Structure formats: structure tokens, C-alpha cells
Protein chains: 2
Amino acid sequence: MEIELINTGSELLLGRVLNTHQQWLCRRLADLGHVVARQIAVPDTATDIQQAVREALARADLVIVTGGLGPTSDDITRDLIAQLLGKKLRLNEAVFTHIKNYFAARQRPMPANNDVQAMVPEGAMILPNPNGTAPGLAIQILATPKFQIENTKSKIRNPQWLVMLPGPPRELRPMFDDAVVPLLRREFPLAAPFVCRTLRTGGVGESAVQEKIQPPLAALVADGLEVGYCARVGQVDVRLTACGADAEKIVRAGEVVVQQIFGANIYGFDDEEIEQVVVRLLTEKKKTLALAESCTGGGIANRVTNVPGASAIFLGGVVSYANSAKEQFLGVRAKTLQQHGAVSEAVACEMAEGAREKFGADFAIAVTGIAGPTGGSAEKPVGTVFIALAGTFGTVVERKLNLYEREAFKQLTAQQALELLRQWLARA
Amino acid sequence: MEIELINTGSELLLGRVLNTHQQWLCRRLADLGHVVARQIAVPDTATDIQQAVREALARADLVIVTGGLGPTSDDITRDLIAQLLGKKLRLNEAVFTHIKNYFAARQRPMPANNDVQAMVPEGAMILPNPNGTAPGLAIQILATPKFQIENTKSKIRNPQWLVMLPGPPRELRPMFDDAVVPLLRREFPLAAPFVCRTLRTGGVGESAVQEKIQPPLAALVADGLEVGYCARVGQVDVRLTACGADAEKIVRAGEVVVQQIFGANIYGFDDEEIEQVVVRLLTEKKKTLALAESCTGGGIANRVTNVPGASAIFLGGVVSYANSAKEQFLGVRAKTLQQHGAVSEAVACEMAEGAREKFGADFAIAVTGIAGPTGGSAEKPVGTVFIALAGTFGTVVERKLNLYEREAFKQLTAQQALELLRQWLARA
């Protein structure tokens, strides 16, 4: 089975936005056992979109098109594809009602041009959009001679499917999971079982991960295990996949090997983020958390509060950017700041202990560091960070050197801080 | 002139990495007046790469291929393209010396397979790589009958160019600026000036933006103005472009029209984010900021501290998730919490005033709201937010209804809070 992905949007080709759909959809499809064969981005112009769709339909069994379903004049995907496939557009009453309700619930008047989003090509399946107005559309296509002429592959199975998804990620992602995945499972069942498991490690470099697990996995690789690595700032994902009757057994065996080697560094599985793991562990243990952030500037609190249910365990935090805020809100002593400097083990400890006491929390994490580009010294160069964790056990502190530009520096430091707490919670 | 971009790499189609080359190269080219017509990602397989290159050469004047120039077995782009164009590969002594020196300078032995990176297709121009081993390559192509057969456009100008760039961004980016830009300027001078301007609006829906500006822009559109819209949570970018001798004049006239209609809602231009605008305005006015965040959970502080130089104006913030934290750190009165509830105009005001006083800041922003999915009531449904701004002028407060899932809710609320301050700073 061949899948092609077409991302429409002139803003993509003007470089104004990053194409996150590609990674997200390719990743989701790969985890389901379907690897995308080709991805194409084209501008919002009729000839470009139609040509890309025609070409893709000449090759692929499933074509996914993103973007261009909105209400404005450059949202032309729906019309162009209906025209290309020779299908009439009809106003769908259920969709129109959904759009009207969407605006009513937000107490906003519905602009007149929003009714175009309720136009549905005849025979199309509607993919509901609870997070926006434009529904997704899935169309089953019996290959027409027009597309077969251009066909570069010899065996195109019928029927093909063409799926249109809205551009905003918060609309596209749940729609894909809720409506496209069931469609895929029904229309394109896998010939053989496919199993995929991702183990997420923190604090180990990519080549170190590969160097340590490649030799002990060699026998399983010979049996059909595929091992992939994906490095991000401060973390490496190990992706184990296998296909065939023994897929489950092979992947499980691989997981056991990776667990034996990196057990303590594996913070989560599949799509789990470290903040989700930390919130889950704290909730299970009925423990609360407070934060004292200097160089991460609220980045840790922001990640923790992205997790639904965080309010059960998160009491709050202080972003103590100015030194006076460290004294006033966290009780850091002026003398400690003077003697050791704001970026020091001693200040990190006092910040964590102060936050724990003042919020009345079971645990408190504190970070203080030099994000740069200025502010470094020979003893404490740019990138130096101190991370402290306070609890009933006392206070522990770690020193790191995170040599990244500002945003990556904050991200990595937040990851390390959450990992320090996670490891403590996992051991306790 | 037509440009196509081909990104090679199986990891792109497995969704393991984000394709940042697309945005970066498209943006750079757009700034030079060249809009990429199509971008394609294909896996590291011979047939896919050759087919994509053949198809692109049948349409485009310039084809840029990224990735696959490294030393490992899946780096096959150089060989495949030389083969496709019928060009022999020859070891280039200068490149080979560069590679040997590169390893020597790092006191690392040169792996044997690195010499393949010194193989250069005959007649190719070498694009030096000071940041890595593999050079880029630029090949001038006289269209051959083979490609012309597939040609879907009528006028392909000769000569075409094919440019190959290495995958790592730290190698690709300087190479593009230092070697490809001069090549472009020499080989593809612009026929007419190209002007692009983006106005970023907040607080107006996408269809409302279009509804209001389309009629007054109609005359300019007839003169060649192109108008594009890009909607994100809480904001809509309006992109005005024109080409030709009058491009500057047409775009400026368009900008005046949009300014007249949305003046107060335009928070920035081109790539400027609202937090950058706020930090810039506060820095110019020598004013300081403090934050009191409840439902945004540190999201505002995180954005503000992403801006280099934020420490000059940002004193800090309190993430007061628990009610007790609102009392303890911000001085919100227990009585106010009891009478009005944590999500109320009165509490938002006391939070802002408390943060302003305790941090000793010129301005303080406070947000309190119900992110959901639970916690709503008939009077204050899920999505209700109060945003307060305190300053020497007193305190203002706004009520919003932000019906989005958790992360988008936080993002939109942060955007609105920063917009409230920006509008105040712009007026003052």
C-alpha cells in the first residue's frame, strides 16, 4: 500500500510556517505500520493543487491532503478536488448546523462566508471536527482512465481513498486519530501484524545509545527487528518495530534488552512526555509539587500545566528572574546571593527549599543558570545550570553545562529538572 | 523562474525528524524574491530520488536537493544524480585534502569511507563546506530530450541548475548563504522587483479579517496586489505581496489600507512575535513587568523569557495555581476569593495589583480562568478567563471566553494578555 501526503499552503512555500503536519502524520502512520512514500507541499493555486493531487492519485492508494478547507478565498482545496473528481458540492445541513452552533457557543456572529465550509462533495464521508468549523472529508475513488494514463506504477488496487484534513494542528490531530485511523484499519488492513514500540530515554547521547544497544540487539535484528533512533534536545527515542507473525514477540524481546541496559534512563513510552510521567507519578503517590524557576523562566511550570489534571498535584511556582524576587518570594538569603552568586549550588538549594516551604509542597524543583549569550565567566561559563530538588529527604543538586541557544537551553534544562524528579519518584 | 526543493531522507517519511530545511530555504528564497513552486520529500531509495529529480528537472529552472551527501551507506544522492545526468564521478584532490584536514584538526582518525565525499560529478561546481566534510555541488544542465519529453511546462529556459546541499543544518545554512545566494544572483537575476510585507493581527477572526479588508483592497488587487491569510490561535497574518516595477508602491498602499482598518489590532510585522513587541516596547520605555498567572500556568512568563534581553524588563512572576498561593504570594484576600471565586474580575485585579506591588514593577498582568475540561458553571462556563493589567493608571480587566483544548486555551490566553499590555503601551 502506497500513501502520499500533500500539504497545501502558500505560507509553506514562502517559509512562513514550519510544516509540522509532515512529521506528525508520517509519525502516526509509521506507528500504524504505514510508511508514507512521498510528501509534497504546493501553494494555494488551482493548477498546483490539482496537478499534485492528479499525480499522487496516479501512484498512491491513499492520498492525504492538508489545508485549504477554511472560509477564506485562498481555501480552495475542497472545490478543486471536487472539480478534479467530477463531483458536485452540496450544502450539508448537519455540518452547517455544527458551524452555526460553533459560533453560537462562542457568542460570536457567524461570518457569511463560513457556509462554504458546509459544502460537501457528493458521496464524501464527513470527518467531524469538534475543534473547529471545517469538517474533514474522505472520498473513495474508482480510478478513472484520466489518472490511469499517467500511472507510473503497474498495480494500483481499487478503491483508492482521498482524505482532506483541515490545516490547524489542533483540528487535524484529533480528527486523524478519531476518524482517519478507523478508516485506515477498515479499508487498508495490514497484510501481517505490525508492532511498534518507542522507548524514550533522557540524559544519554545518540551515539552512546546506539553503541550500547546495537550489539545485544543483533540477534533480534537478524530475526526481523528494526531499530530506529530519534535524537531531540536532551533525549533519544529508541523505536523498535517488527512485521509478521512473530512481530509482538520480537518487539517485546527487544524491549527487554533495552530496558536492561537503559532502565533508569527510560522515562516513558511511545508519545508520553516527561511532564505527563511526572504528573502521573505524583498523582499516584498523592504528592504535591512547587517550582522555583530562574533561567527556565516559567518553562517548567508551562509544561507541567499542559498536562490535564495537573492541578491535583501542582501548587504553583515562582519565576524569580530578578534577584530581589529570589529573596522576597523564596526566602533566598542576601548573603548567599552575595557570596555564591545567583547561579550557584547554594542559591539553587535555597530556592528549592524556600519554594517547598512557602507553597507547602512535598517536592520543589529549582533551577538557576546562565542562558547567555552574555553573563558567563571562566568558572561558570554560559550554559551553566544548577538544578535542585527538595523533599522530605533533604535537598539534592546537579550541575549541568547546556550549550544551546536560548530556547533549546530552556527546553533542555526543563527536561533535566523534570527527569531529576522522575528518577526520584521512580526509585521511591 | 521556477524552483523546486527535494528533501531526501527516510527519517522524514517515518516522521522521526521535523523538516526544518523546508521552512528555512523557502523563507531565504522568498526574501530574495524567488518563491519555491513545490517541495518534495522522498526516502533514501534510488528509484524515489531519481524519479523526484527527473520530474523536478522537467518543470523547474533550479532544483535544490538536500541530504544524502554523507559517508554512510544510505547517503546515495551524489551517485544517483551523477548517474541520472550521465556524468562520471572523479575524486577531487582539493576536497579530499579538505576532508583529511577536517579530521586532523579535530584529532580524529578519518574513517575509510569518507573519501566518497570527495567524489565530484564531472563539470560540477564545488560549494565549500567549512562546517563539515561533504561539499555542496552545483551542476549546470542543458536540458536533454529525456527530460523534455516529460516536460509539463512549455517554456523551460536553459540552462537549468541542480544544487545539492548537505543535510545537517549547521552545514547547509552557511553554505546556502555563502555559495548558493551568489550563484542565484548571477544566474537568475530578478526580472522585476518583488515586495512582501506581513501584518500580524490579534483578536480578530480569519473570516472577519478577510470580510473587512477584501472590498477596500479590490482596486489594488486588480493592480497586482496578492493578499494571503495565515491563521494561528488568536492571530491572523495578512501577507501582502506584489511583483513588478510598482511592487513597492502597491504593497505600501495595501499596507495603508490594512492599517486604517485594523490599526489597533496589528501587533507586529513580518516575523515579529507579540512577546518580542512587548519586550521591545517596555525596553524603549524603560518600564518593568511582573506576572501573576493562574490558568496559563507559566505560559506567559515562558514566552517573555524566550526573548533575548527580557531580563532588562522582566522581574518575575508567580504561577498561583492553588488558591493558597494567590493569598500567600500575591496578597489576594481570602474574602475576595470566597465572595467572587478564584475565577473572577475581583481576583484577577487583586492578583495584578499584588504582583505589581510585590515585584515593584511598573506593570503587572494577571490571568485567572477555567481551562477545563471540568470546573465550569452556568455563569462561568469552561473557557472563561479574566485578564487584568495593573499600572500607575490603575487596573483594567477583560473577560474572555476561550473555547479551546488545554494547550491552545493557554496559548490564546497568553496572546490576549500580552495584547492587552501591548495596546496599552502603544497608546501611552
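**Strands, helices and the A-B contact**

Biologist: Strand 2 of chain A and strand 2 of chain B: parallel or antiparallel?

Modeller: Antiparallel, with 3 bridges joining strand 2 (residues 36-42) of chain A to strand 2 (residues 36-42) of chain B. Two strands pair if DSSP finds at least two bridges between them. Strands (E, at least two residues) and helices (H or I, at least four) are DSSP runs, numbered from the N terminus.

Biologist: Which residue is the bridge partner of I40(A)?

Modeller: I40(B), in strand 2 of chain B.

Biologist: What sort of model is this?

Modeller: A predicted model, where local features need pLDDT of at least 70 and side-chain atom pairs count only at pLDDT 80 or more, while totals for chains, interfaces and linings use all residues. Residues are numbered from 1 along each chain as its sequence is written, and chains are lettered from A and ligands numbered from 1 in the order in which they are written.

Biologist: How many residues does each chain put into the contact?

Modeller: Chain A puts in 63 residues and chain B 61, with contact meaning C-beta atoms, placed from the backbone, within 7 Å. On the chain A side, helix 2 (residues 20-31) gives the most, 7 residues.

Biologist: And that side by class?

Modeller: The side of chain A that touches chain B has 27 nonpolar, 26 polar and 10 charged residues. Ala, Val, Leu, Ile, Met, Phe, Trp, Tyr, Cys and Pro count as nonpolar, Asp, Glu, Lys and Arg as charged, and the others, Gly among them, as polar.

Biologist: Which strand does strand 13 of chain A pair with in the parallel sense?

Modeller: Strand 13 (residues 289-293) of chain A pairs that way with strand 15 (residues 363-369) of chain A, over 5 bridges. L289(A) faces F363(A) in strand 15 of chain A.

Biologist: What about strands 16 and 17 of chain B?

Modeller: Strand 16 (residues 384-391) and strand 17 (residues 394-401) of chain B are antiparallel over 8 bridges. They form a hairpin with 2 residues between them, and I387(B) stands opposite E398(B) in strand 17 of chain B.

Biologist: How is chain A divided into domains?

Modeller: Into domain 1 (3-187), domain 2 (194-269) and domain 3 (274-427), with bounds from an automatic or database domain assignment. The centres of domain 1 and domain 2 of chain A, taken over C-alpha atoms, are 34 Å apart.

Definitions and conventions
Contact = placed C-beta atoms within 7 Å.
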